[in-house]
Amino acid sequence: LFKLDNNKEVPRNIIVLTDGVVSNEASVFKLIKENKKGTRVHCFGIGNGASRSLVKKSAKAGNGSFEFAQDGEKLDSKVRSILLATSKHALTDIEIGWPMGTTVMKSSLPSTAYQGECLTVFALCKEIKAGTVLVDAFDTRKQERVVIPARLEIDQLDSGKSIYCLAAKNIINDYNLSVSEEVSLATKYNVISTNTAFFAVETKENQNT
């Protein structure tokens, strides 16, 4: 399905049904993440044997929704919930225009934005200026490109460390970085990735008297 041409005018929705587990969950999540642009993956776990980890993480990787139905449970409302999620209007083919004078070193890849949901884009900037951020995208309801302005104020920026960690984590997840690039970014902002780990070391002074 991912190999089929994707029409930006009609966002593709994939509904995955499962009643069990798989042995290659990591490969499944990786495949979904690599193909999530313009495609939304929804997951439906049916029966008591459905893997909750597989269903939840697949939906998260594919920017979709998920539902579970236990053995003997009626499916009507849960099926409607999934179908409602697939029918939402969307902004696709998103491009971000940053304020003049802002130097973006790396930003997370803008995903498709769906009706009633937030669009979050993280960026690591060498230099940043106040101004207007322009979101240029294709509106599937209007069937035309639209430009949505958003004001960026310097004094509204979060100066805490957590936002930088989130940015680094999202950028690592969105890009196929080389090992050295990933390790450099992860260690600089103290985030765990597939090629980094952190250890806590406790040192004690000699208590002997």
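# Exercises on a predicted model

N190 is located in the segment that follows α5. The structure is a predicted model.

**Exercise 1. Describe the backbone and the accessibility of N190.**

Solution. 
- Step 1: phi of N190 is positive, about 55°, and the residue is not a glycine.
- Step 2: partly exposed covers the range between the buried limit, under 20% relative accessible area, and the exposed limit, over 50%.
- Step 3: the relative accessibility of N190 is 41%, so this residue counts as partly exposed.

**Exercise 2. Treat D93 likewise, and state in which strand it is found.**

Solution. 
- Step 1: strand β4, residues 90-97, contains D93.
- Step 2: phi of D93 is near 50°, a positive value in a residue other than glycine.
- Step 3: D93 has a relative accessible area of 30% and is therefore partly exposed.

**Exercise 3. Classify the aromatic pair formed by F66 and F68, then find the charge over the face of F68.**

Solution. 
- Step 1: there is one aromatic pair in the structure. Its rings, those of F66 and F68, lie 5.9 Å apart centre to centre, with 70° between the planes.
- Step 2: planes over 60 degrees apart count as edge-to-face, and the F66 and F68 pair is edge-to-face.
- Step 3: F66 has 36% relative accessibility and so counts as partly exposed, whereas F68, at 10% relative accessible area, is buried.
- Step 4: R52 lies over the face of F68, at 4.0 Å from the ring centre.
- Step 5: another charge over a ring involves R40, whose charged end sits 3.8 Å from the centre of the Y114 ring.

**Exercise 4. Characterise the largest pocket by its space and by its lining.**

Solution. 
- Step 1: the largest pocket holds about 1,400 Å³ of space.
- Step 2: its lining consists of 37 residues, and K33, K36, N170, N173 and D174 are the closest to the pocket centre.
- Step 3: at least two lining residues come from each of α1 (25-34), α2 (52-61), β6 (113-114) and α4 (161-174).
- Step 4: sorted by class, the lining has 15 nonpolar, 11 polar and 11 charged residues.

**Exercise 5. Which element gives the most residues to the largest nonpolar core?**

Solution. 
- Step 1: this core has 12 residues, including F122, L124, C165, I171, L185, Y189 and V191.
- Step 2: α4 and α5 (179-189) are the elements that give two or more residues to the core.
- Step 3: α4 gives the most, with five residues.

Notes: Residues numbered from 1 in each chain as written. Predicted model: local features only at pLDDT ≥ 70, side-chain atom pairs only at ≥ 80, totals over all residues. Heavy atoms only, no water. Phe/Tyr/Trp six-rings, centres within 6.5 Å; stacked < 30°, edge-to-face > 60°. Buried < 20%, exposed > 50% of the residue type's maximum accessible area, 1.4 Å probe, protein only. Lys NZ or Arg CZ within 6 Å of the ring centre and 35° of its normal. 1 Å grid on protein atoms, 1.4 Å probe; cavity = no way out; pocket = protein on both sides within 12 Å on 5 of 7 lines; lining within 4 Å. Points joined across faces, edges and corners; volume = space filled by probe spheres on them. Helix = DSSP H or I, 4+ residues; strand = E, 2+ residues; numbered from the N terminus. Nonpolar A, V, L, I, M, F, W, Y, C, P; charged D, E, K, R; others polar. Core = buried A, V, L, I, M, F, W, Y, C linked by side-chain atoms within 4.5 Å.
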